[in-house]
Amino acid sequence: MAWRDLREYILNLRDSDELIRISHPVDCYLEAGCIADKLVKKGGPAIIFDQPRLANGEISKYPLAMNLFGTRERTNKALGVKDPKEIGETMVNLMKPDIGGILKKPWTGLGLAMQGMSMAPKKVRKGACQAVVIENPDMTKLPIPTTWPMDGGPFITLPLVVTKDPKTGQHNMGMYRGQIFGEKEIGLHWQAHKHAADHADEIGKENRMPVAICLGGPPPVMFSAISPLPDNLSEYEFAGLLNGRRLRITKCLTNDLWVPSEVDFVIEGYTIPGETRTEGPFGDHFGYYCLEEEYPVMHVTAITHRKNPTIPMTIVGVPPMEDGYLGEAIGDAFRPVLQFQHRDVKDLFLPLETGFHNLAIVSSKQRYPRQARKTALGLMGAGQMMFLKSIIAVDEDHDVKDLDALLKAVDYNVRIPEDLIILDGMVADSLAHASPWQNVHSKLLIDATTPTSNDHRANEPKMMGCPDSLGVSASGVEGVTKAKMMASSMLVITTNVEGGPRPESSMEEVNEEGAKAQREQIARIRDEIWSLESAKNLRWLFITDDDADLDEEHWRRRLLWQLFCRFEVARDFHFDKERKRVAWDATAPIPSNEGPLPVRRWPAVTLHDPEIEERVEKWMEREGL
Ligand SMILES: Cc1cc2nc3c(=O)[nH]c(=O)nc-3n(C[C@H](O)[C@H](O)[C@H](O)COP(=O)(O)O)c2cc1C
Ligand SMILES: [Mn+2]
């Protein structure tokens, strides 16, 4: 079904018992976010705070909604699909009309044409979003949550940021968070690789750049803003396609941008080329606070809204979180498109535990030798997959979502060093705090496929594993807190790095002495384990901090997060002398410039304020949530 606006979706959630409303005051500062986090972790309902309390103690006039897309089912409902792959299949059909088929059965072509037509946005003179014009625009009056204790302030976490290409006039709508700096200033976190940053670069030094931030609106419009669309497809067209209904757009009052008419709020303004301000810290979806950086500032010139608006927001942090469901839906929706462009991709999975960009598992056709590697390399250059840190290629019939199967494939098939390909000095996500330089890191391709029968490596002898007793011997090594065999050639150990970064605080200053001691400690533990008699065939040694408990129920999910978020390929991946074994150091590193590669500031993990968390948990218990 097509959603006219956010209200219609919210009413639907209410009618299907997927929504709770809270009528007592709840603080936008930390409390609302904590409640939303607890709910999403339980697969709980969406929530509307009818009395969000602002920083100055006043109750905001506008309700705040959170967790609107916090389960797989709700995300599908918002998108109007049973499975997001339907979206990709429609796109592929539009990309390759089957002319022969259409000639035989012309009505099939009609459906396509209708879908194509729903893509063109429609200009309307007055949008619902302009029903009310706020007299003296003041961002601090909107219920915008501060979600984590060390955040630099309140952040708009579900903004639809509209800009236009200064040359072609084509509009772009991207979700880039906005930090509230004051009544009329908002930090705009568009990363260098994104379309809005491209527009900002092209505008030239003399001209102000018009910007609008929309909030709310029909869910498919919101989804469109996060979709990794090709450069030549506008989010407005895609929103029409998704919603099966042409997107209505309306001209802003104080600049010449056109914005979706049915959104709940529009914040209009401009940026001044060259003007930046320190943005952050912000607890982000890797489960860490994003490092502070310079970003442009938006100056607000008008705020308008529809009648009875709702402001939707989200909280991101240690996965699983709401954005994880959105990300999974993106993965499912765009897989058919990717497969259309990359014919060898059988399936692809980006586990939400690793923050998506840190790991992809791709199953590939492998008709000729090394085809899977070619596939994986192709993906690393495909759109936003440029941000990937590591990619594991597996056989065609491999279930990419099956973690046990993955461990088995790596254990049985990966020969070291032949099956490890390291690409140095590549594009990194701006959020990748483990990367040695901002926006630059190394990538790891692990080929875990079975060689084809015509590969010169086809008949290599089976590799040996280690005895189970290795786990016990490794626990005896000084400095090892716990050790566990993960597969016959894989061991994980945890350790405590004296003076190392702690989850609850960031480390801003370099500490060369501490960093050197850490490197020596890891090297010693690694070498002692490697020298154990039973470790001869230990191809993989994972080392991480002991804030991960290997005996805890969900230890594998936790480990996945820790191994991929605390690790930089070029710095933390070590081969033994014969290059037959590797150690993967995922201990949080102490900042330093004198090691083999720099470690920048190291951020804290997103953790709730303990007092607020306790209060929220008690309240939830009382409410039976
Ligand atoms: C909740 C959420 C928050 C996001 N925040 C940011 C952000 O602050 N900066 C950014 O560059 N991308 C952010 N993204 C990712 C972009 O929205 C995404 O890459 C989008 O495709 C960019 O659009 P563009 O290709 O038109 O630039 C966020 C995504 C989600 C789901
Ligand atoms: Mn775009």
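Predicted model: local features only at pLDDT ≥ 70, side-chain atom pairs only at ≥ 80, totals over all residues.

Colleague: Start with the ligand. Which residues come nearest to ligand 1?

Modeller: Met175, Tyr176, His189, His195 and Gln384 come nearest, out of 17 residues around ligand 1.

Colleague: Which polar side-chain atom lies 2.7 Å from an oxygen atom of ligand 1?

Modeller: One from Tyr176. Glu235 also has a polar side-chain atom by a ligand 1 oxygen, at 3.0 Å. With Arg177 the polar atom belongs to the backbone, and it lies 3.0 Å from an oxygen of ligand 1.

Colleague: How much of ligand 1 does the protein bury?

Modeller: The protein buries 86% of the 640 Å² that ligand 1 exposes when taken alone.

Colleague: And which elements give two or more residues to the shell around ligand 1?

Modeller: Strand β10 (171–174) and helix α8 (219–226).

Colleague: New topic. In what order do the strands of the open sheet run?

Modeller: The order is β21-β22-β23-β25-β24, so five strands with mixed pairing. The edge strands are β21 (345–349) and β24 (420–427). Each has a single partner, so one side of each lacks a neighbour in the sheet. From one strand to the next, the twist averages 20°.

Colleague: In what sense do β22 and β23 pair, parallel or antiparallel?

Modeller: Parallel, over 5 bridges. Strand β22 covers residues 359–364, and β23 covers 390–394. Within that pair, Ala360 sits opposite Ile391 of β23.

Colleague: Which helix lies across β21, β22, β23, β24 and β25?

Modeller: Helix α11, residues 371–380. Its direction is at about 155° to β25 (440–447).

Colleague: What about the hairpin? How many residues sit between β26 and β27?

Modeller: There are 2 residues between them. The strands run antiparallel and are joined by 6 bridges. Strand β26 spans residues 480–487, while β27 spans 490–495. Lys484 has Val492 in β27 as its bridge partner.

Colleague: Which residue has a positive phi of about 60° although it is not a glycine?

Modeller: Asp17. It lies in the loop between α1 (6–15) and β1 (19–22). Arg370 also has a positive phi, about 70°. Arg370 belongs to the loop between β22 and α11.

Colleague: Is Asp17 buried or exposed?

Modeller: Asp17 is exposed, because its relative accessibility is 71% and the cut-off is over 50%. Arg370 is partly exposed, at 28%.

Colleague: There's another arginine I'm curious about. Where is Arg306?

Modeller: In the loop between β19 (293–305) and β20 (311–313). Arg306 counts as buried, because its relative accessible area is 11% and the limit is under 20%.

Colleague: What does the side chain of Arg306 make a polar contact with?

Modeller: The side chain of Asp5, at 3.1 Å. A polar side-chain atom of Arg306 also lies 2.9 Å from the backbone oxygen of Glu262. Leaving out residues up to four places away in sequence, Arg306 touches several others, including Ala128, Cys129 and Val263.

Colleague: Last one. Is Gln179 buried or exposed?

Modeller: Buried, at 3% relative accessibility. Gln179 is in strand β11 (residues 178–180).

Colleague: What does the side chain of Gln179 reach at 2.9 Å?

Modeller: The backbone nitrogen of Gly280. Beyond its neighbours within four places in sequence, Gln179 is in contact with residues including Gly152, Phe155, Ile186 and Thr278.

Colleague: How far is Gln179 from Pro312 in space?

Modeller: They are 15 Å apart, C-alpha to C-alpha, with 133 residues of separation in sequence.

Terms used. Residues numbered from 1 in each chain as written. Chains lettered and ligands numbered in written order. Heavy atoms only, no water. Pairing = 2+ DSSP bridges. Helix = DSSP H or I, 4+ residues; strand = E, 2+ residues; numbered from the N terminus. Axes fitted to C-alpha atoms, helices over the stretch in contact; angles between N-to-C directions. Contact = heavy atoms within 4.5 Å. Buried < 20%, exposed > 50% of the residue type's maximum accessible area, 1.4 Å probe, protein only. Near = heavy atom within 4 Å. Polar contact = N/O pair within 3.5 Å; in protein donor to acceptor, adjacent residues only side chain to side chain. Areas by Shrake-Rupley, 256 points an atom, 1.4 Å probe, with all protein chains shown as cover.
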